[in-house]
Amino acid sequence: MSDDKPEADKPEATETEAASTPPPSTEADHTVRTTETVATPEERSKLQLSDEPKPDEPKKNNSHDKHAPAAAHDHGDGHDHGLAHTMPIALLFGVLGALLALTVATVAVTAIDLGAQGNLIVAMVIATVKALLVCTFFMHLLWDKKFNLVLFLTSVLFLILFLGMTTADRAENQQAIDQYRALQLGVK
Amino acid sequence: MAEPSTETRGSAKPASAPPPPHTDHGHDDHGHGHEAHDPIHAANPHLAHHFDTPQQQFDAGKLGIWLFLLTEVLFFSGLFCAYTVYRAMHPEVFVYAHYFLDTKLGAVNTCVLLISSLTAAWAVRNAQLAEKKALMLNIVITIACAFTFMSVKYVEYAHKYHDGLLPGKAFQPKEQIWELKSFRDKHPEAAEYAEKLAKLDEKKATPPAAAPAEAGKTAPAEAGKAEPAEAERIERPTEEELEPLLAAGLVGPRSLDPSAHISRPRMAHVFFGIYFFMTGLHGFHVLIGIGIWVWMLVKASKGHFGPAYFGPVDFTALYWHLVDLIWIYLFPLLYLIH
């Protein structure tokens with residue numbers, strides 16, 4: 001390793017050096033924390049096993065702490081314990097409470113006149129907060145793989161694009177629409 | 001410790017070895033024979049042969065359901081787009097039509113769906129912890145909520161059908177807007193004046209032709225012979241009298257029409273087209289959801305779900321939450337128009 005340092009400036013040299021040094025050891029250093037095991041096949045198998053659930057490791061620990069029975073079951077299975085995060089019941093009911101309260105709020109706020117657009121905006125903001133609550137907690141997106149979140153956000157992005165473009169186009173043609181309407185009223 | 005793996009190493013079929021989920025081998029089993037996937041399959045009767053680990057199977061399923069939900073969002077986005085454009089172009093139609101919708105029923109349905117979302121999320125937890133009874137109970141409650149939702153929808157639809165509030169040519173409302181309680185509560189003055197005008201129009205309309213007295217429609221101008229002065233006065237309200245009518249959206253601005261014509265917006269039927277399509281498609285999703293939940297209930301009753309296999313419940317719940325999510329937007333957009 002000490003030989004590596006002076007040669008690090010030259011890319012070619014480092015590459016060959018890296019190739020020559022056994023990769024398992026260096027990989028294990030940052031993928032698996034348990035580096036005491038020396039037996040290569042065992043280590044390799046551990047590497048491969050822990051490769052998939054690795055991104056969820058903090059969550060898994062989380063679920064272990066909170067739900068001992070789940071952990072016990074998993075240990076019984078002998079591999080891949082805690083496929084996903086488990087929701088605490090208190091959190092589930094908290095989210096439901098918030099959702100119901102927001103539903104009451106969105107009905108109640110219609111009694112207040114905030115202007116046609118104002119009421120619509122308030123209603124949409126409340127609906128979006130509710131949607132975020134459902135997505136974050138009920139749909140587990142907070143603990144899910146980030147790729148799933150990205151997928152979902154992509155659909156939302158395209159929804160916004162779709163609505164935005166259409167609305168902008170409609171607004172652009174407002175004058176023509178007004179003219180057409182006036183013409184129709186005149187004829188009628 | 002190593003016995004179960006060596007036994008099943010040769011066979012690729014997971015069905016050949018259905019051990020109970022609580023086998024004795026523990027963490028040490030990570031160590032041996034990873035290249036042959038059999039021990040994992042042997043320990044997981046629900047692990048399909050084309051997946052290496054339960055984690056892989058679960059993640060693949062989850063990715064799949066999220067992709068499906070993505071298409072669902074885009075599917076509904078077309079209807080939301082139609083709604084947006086139509087509302088931007090004809091706001092008066094939405095103000096007019098929303099009086100015909102029962103906010104209470106809509107709110108009740110919102111709450112019912114939210115509660116079913118809770119039981120769905122709870123069911124996932126039950127499946128993860130292999131709590132069979134609680135899982136089945138939560139699925140049953142979810143299904144019950146779904147049926148409640150559909151029952152309320154049925155009541156609403158039946159009411160609309162009865163009142164002639166249907167899309168397109170079928171749109172023939174039996175009640176005038178000022179006869180609705182929701183409208184009267186909000187605009188009592190306008191409702192009163194509108195009634196006067198309607199009666200006047202009725203009088204004018206009946207003598208010449210026995211045409212059905214469509215109060216909202218324009219009556220022939222020369223027909224008002226009963227009390228011409230009175231009729232004239234009512235037809236040409238003062239600015240003060242006109243104000244509530246204008247505020248309630250019953251008449252257009254005076255510049256367009258000097259006499260007060262109470263009329264429903266010309267395109268009102270399109271609102272009901274949008275209403276039935278959006279709620280109908282959503283209701284269809286709820287029906288499909290009921291079917292899938294029943295399937296999950298059957299699987300749960302057989303004790304299929306546990307810490308290593310709960311994907312189906314999770315994915316069904318995700319679908320269910322999306323259905324809920326869409327309703328969260330539909331409710332204010334259709335029922336709570338200001």
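This note goes through the two chains of a predicted model, point by point.

1. Basis of the note. The model is predicted, and local features are reported at a pLDDT of at least 70, side-chain atom pairs count only at pLDDT 80 or more, and totals for chains, interfaces and linings use all residues. Residues are numbered from 1 along each chain as its sequence is written, while chains are lettered from A and ligands numbered from 1 in the order in which they are written.

2. Chain A overall. Chain A has 10 helices and 0 strands, where helices (H or I, at least four residues) and strands (E, at least two) are DSSP runs numbered from the N terminus. Of its 188 residues, 22% count as buried; a residue is buried if 20 or more other C-beta atoms lie within 10 Å of its own, exposed if 12 or fewer, and partly exposed in between, with C-beta atoms placed from the backbone. Among the contacts in chain A with a separation of 6 or more, 29% are between residues 24 or more positions apart, a contact being two residues whose C-beta atoms, placed from the backbone, lie within 7 Å.

3. Chain B overall. The secondary structure of chain B comes to 12 helices and 0 strands, and 39% of its 338 residues count as buried. Of the contacts in chain B between residues at least 6 apart in sequence, 71% join residues at least 24 apart.

4. Helix α7 of chain A. This helix covers residues 89-108, and its 20 residues should span 28 Å at 1.5 Å a residue, which agrees with the 29 Å between its end C-alpha atoms; the expected span is 1.5 Å times one less than the number of residues. The buried residues of α7(A) are Val95(A), Leu96(A), Leu99(A), Thr103(A), Thr106(A) and Val107(A). They lie on the same side of α7(A), because they cover an arc of only 110 degrees around the axis, the arc being that of the directions from the helix axis to the C-beta atoms. On the other side of α7(A), the exposed residues include Leu91(A), Phe93(A) and Val104(A).

5. The loop between α8 and α9 of chain A. Asp144(A) lies in this loop, between α8 (116-138) and α9 (146-172), and is buried, with 21 other C-beta atoms within 10 Å. Asp144(A) and Ala84(A) are 60 residues apart in sequence, yet 7.5 Å apart in space from C-alpha to C-alpha. His140(A) is placed in the loop between α8 and α9 as well; its phi is near 65 degrees, a positive value in a residue other than glycine, and His140(A) is buried, with 23 other C-beta atoms within 10 Å.

6. The largest nonpolar core. A nonpolar core is a set of buried Ala, Val, Leu, Ile, Met, Phe, Trp, Tyr and Cys residues joined through C-beta atoms within 7 Å. Of the 79 residues in the largest one, Ala123(B) and Phe271(B) touch the most other members. Elements that each supply at least two residues of this core include α7 and α8 of chain A and α3 (54-89) and α11 (268-301) of chain B, and α12(B) gives the most, with 17 residues.

7. Helix α4 of chain B. The buried residues of α4(B) are Val93(B), Phe94(B), Tyr96(B), Ala97(B) and His98(B), and what covers them includes α3, α11 and α12 of chain B. Leaving aside residues up to four places away in sequence, Phe271(B) touches Val93(B), Phe94(B) and Ala97(B).
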